[in-house]
Amino acid sequence: MDIKLAAVIVHDIKNALGALEGALEEMTVQPTREQAVAAHETCSSLREKLIGFLTLYKSSEQGLNAQVEALNPEDFLSGLLRGRISQRKDVRISLNTTDMPVLGFFDENLVGLALEAALQNASRFANTHIEVACTKAENGGLEFSIRDDGPGLGAKEEKPSTGLGMALCSAIAQAHRKGERRGSVSLQDHPAGGAVFTMRLP
Amino acid sequence: MATITNQRLANLRSLVVDDMASMRQNIRTQLGQLGIPHVDQASTPDEAIRFIRNNSYDIILCDYNLNRETNGQQMLEFLRSQNILPVSTMFIMVTAETSYDLVASAAEFQPDAYMVKPLTGGKLLERIERLLDKQNALRPIMGRLNLKDVAGAVAECDRVLQTQPKWAIDVLKLKGSALLDLGKPEDARKAYDMALGVRDDLVWAKIGIAKCHQIAGELDKAKEVVQEVLEVNAKYVVAYDLLAKVAEAQGNEQEALDALNRSYEVVPSARRSRMVGDVAYRTGDLEQARTAFDRALTHTKGSLTAQPSDMLSLAQVHVDAGDAQSALQLLSTAPKHYAESDAFVATQAAVQAQAHFKLGDFEAAEHAYNRAKTLTDTTRADASALALAKAAFTTGRDAEGADILAKAVRADHENSRLVSLARKVLKDSGKEDMAADIVDQALNQVHAIVADANALMRKAQFDESLAKLEEALQSMPENTGVLLAAAQLHLLWMSQKGLNLDYVARVNNYLAKLDVLMPGNERVSKMYRFMRETLSRAKKD
């Protein structure tokens, strides 16, 4: 694993932990429910980051092997969205079921982790809406996509991202192999505005 | 997280297995918040096994890392291979994020789901609901299978395929294996081909096709398919088992042993080591048999997963290898509760008799032999009968040995493993020349009884035919071949002459015995179907 990337991620996690520490310190005086909820959310997003980091580390050290199973993408995606703790209450996430196949073959634990990271990323940029979809790819595989209605690529951020999310998604996509083919990810501007993240699995 | 009330979850009984009290408590709280009030907790595999034996659970959440001796996967293997876990129980294996794919890729016994830590209420709810949906969708099929109505299960598979396409892959897997059970390789092949049409790299479907070849007697083709699978998926242990079976059927015992050894490298479990030991012993490779049984013993030492037969097998290997002292030493370490089983004590005494005799302690040998003889049920074809026969030959009681061996072969003449072990007893005792007199003659006797009964049936001497088999069952009550023939001829009688309630009871009794003697056997399934068909026709008439 790239040592620079590792350092950036650990630094990022350290900062988030510092913010959590501050919030908790404030709560020791006179805790409110809102503060507790916010601290819980920070904590859960930190944990997601750490899992992502560990998974990426494992992928570079030992390689990742997807445990592919037959799944119904709609069940999987609605479960993922339902169990999610969102830090942006003002952003609505919808599931586009158009052309969604009845069966898909993928590792639900790994793909769940990747899509969670991609959703976190999208919710940083989205204005009001994120759309999640899954369609059949031309060569018979699957294509998951997450589209936001934000400013698109190249938008200036106050706090630039570490790149952990994309690196993780790419490692997880590549862990899906079928014959000679491997999965891939991309992040592009959508012609109708906003950015779209795509994960293609063989 | 807010408390979710869900009627479906409120009645679920669950068990959490984790060595860390804080993790158990955490999961228990999460389950409680989901509205699952009944949560038992176990901290060790042994405790979990006791809970599972004494209660019935809808969900078991088991951590992979349990203790040094047994991990979650080994516990699942024990539960499944001993048929302790009902099919309706959802078993969820919880692993750390870093070990999940390693655990899952080499798992022989699949849990219903793997979940990666940390578990949150939301994730648990989502997964449990999805598993409940699947259970509901497959219920009609599983219901038929529970009733041994395999043909009915196939019909249900077709129905569920139409109405619930999202479970198509699971259904095709069940359908293929049901058709294999019914001995219909051509139809099974269609189910597997259909699954491969959806996704062409499904390993179980390819192995299914290899099994179709095996059943159809196309052993070379079966082997070819298995080898193709192993080239791409060297960790798919089930493939090695099939390879070993095919090799053994082709008389290639060394190849069978190699295949099982490779499977042990993938899943180094007590069960796999035992399989290696059994084949190594049968093929006369005492060194390998010793290592394998020793490993099986060490793996399970002090645990509920320990199997008394491992100790007996290893002791017999020691005696055969000329190390009688080690055999006696080993047998003296048997846990106290093993003595509650007559079969164990009988075999133990039979091996001790051989060992004492070889060490020149004839008095102790005499004493042990008599104890073994008192406790061995010679109407059964099991390990203790074979060990007793061996002890008889070792201690110079040739006539007695011959008698015990002949009875054992007659007790289950279609069991090819038993017959080959019986021949081995003679070979090891230097009595190979007696094989024709003892083994072949015993085989012929039983074949003749079944043939006579069939002939009487063809001549429409129904009652004489049935009496012949009933009489044979008096002296060999657990002979699977005779039991099957008896069931078949009683059913034939009823299909000619109409319903007879005594005969229905008899057939039920035969089939219940067969279920215990050869669980999951395709010929037994067929007989169940024959019974249902006969009874429903008789009712209409």
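This is a predicted model: local features need pLDDT of at least 70, side-chain atom pairs count only at pLDDT 80 or more; totals for chains, interfaces and linings use all residues.

Reply: Let us begin with helix 25 (residues 480-497) and helix 26 (residues 501-517) of chain B, whose axes come within 9 Å and cross at roughly 150°.

Me: What does the crossing say about how helix 25 and helix 26 of chain B are oriented to each other?
Reply: Angles over 145 degrees count as roughly antiparallel. Helix 25 and helix 26 of chain B are therefore roughly antiparallel to each other. Their crossing is left-handed.

Me: Which residues make the contact between helix 25 and helix 26 of chain B?
Reply: From helix 25 of chain B they include L483(B), L484(B), A487(B), L491(B) and W493(B), and from helix 26 of chain B they include Y503(B), V507(B), Y510(B), L511(B) and L514(B). By class, this contact has 13 nonpolar, two polar and two charged residues. Among the contact residues are also R506(B) and K513(B) of helix 26 of chain B.

Me: Now for the sheet. How do I read the strand order in chain B?
Reply: The general idea is that strands of a sheet pair through backbone hydrogen bonds, either parallel or antiparallel. In chain B, an open sheet of five strands has the order 2-1-3-4-5, and the pairing is parallel. Strand 2 (38-42) and strand 5 of chain B stand at the edges with a single partner strand each, so one side of each has no neighbour in the sheet. From one strand to the next, the twist averages 20°.

Me: How many bridges join strand 3 to strand 4 of chain B?
Reply: Five bridges join strand 3 (residues 59-63) and strand 4 (residues 90-95) of chain B, and these strands run parallel. To find your place, look for L61(B), which stands opposite I92(B) in strand 4 of chain B. Helix 6 of chain B packs on this sheet, where it touches strand 3, strand 4 and strand 5 of chain B. The direction of helix 6 makes about 175° with that of strand 5 of chain B.

Me: What should I look for in the backbone angles?
Reply: Most residues other than glycine have a negative phi, and most peptide bonds are trans. Here a cis peptide bond joins K117(B) and P118(B), with omega about -5°. P118(B) sits in the loop between strand 5 and helix 6 of chain B. N83(B) is not a glycine, yet it has a positive phi of about 55°. The loop that holds N83(B) runs between helix 4 (72-81) and strand 4 of chain B.

Me: How is chain A divided into domains?
Reply: Chain A has domain 1 (3-61) and domain 2 (69-201). Their C-alpha centres lie 22 Å apart. In the contact between them, 15 residues of domain 1 of chain A meet 13 residues of domain 2 of chain A. On the domain 1 side, helix 1 (3-27) and helix 2 (33-61) of chain A are the elements that give two or more residues. Helix 2 of chain A provides the largest share of that side, 11 residues. By class, the domain 1 side has six nonpolar, five polar and four charged residues.

How values were computed
Residues are numbered from 1 along each chain as its sequence is written. Chains are lettered from A and ligands numbered from 1 in the order in which they are written. Axes are lines fitted to C-alpha atoms, for helices over the stretch in contact, and angles run from 0 to 180 degrees between N-to-C directions. Helices (H or I, at least four residues) and strands (E, at least two) are DSSP runs, numbered from the N terminus. Angles under 35 degrees count as roughly parallel, over 145 as roughly antiparallel, 65 to 115 as roughly perpendicular and the rest as oblique. A crossing is left-handed if the near helix is turned anticlockwise from the far one by less than a right angle, and right-handed if clockwise. Two residues are in contact if their C-beta atoms, placed from the backbone, lie within 7 Å. Ala, Val, Leu, Ile, Met, Phe, Trp, Tyr, Cys and Pro count as nonpolar, Asp, Glu, Lys and Arg as charged, and the others, Gly among them, as polar. Two strands pair if DSSP finds at least two bridges between them. Domain bounds come from an automatic or database domain assignment.
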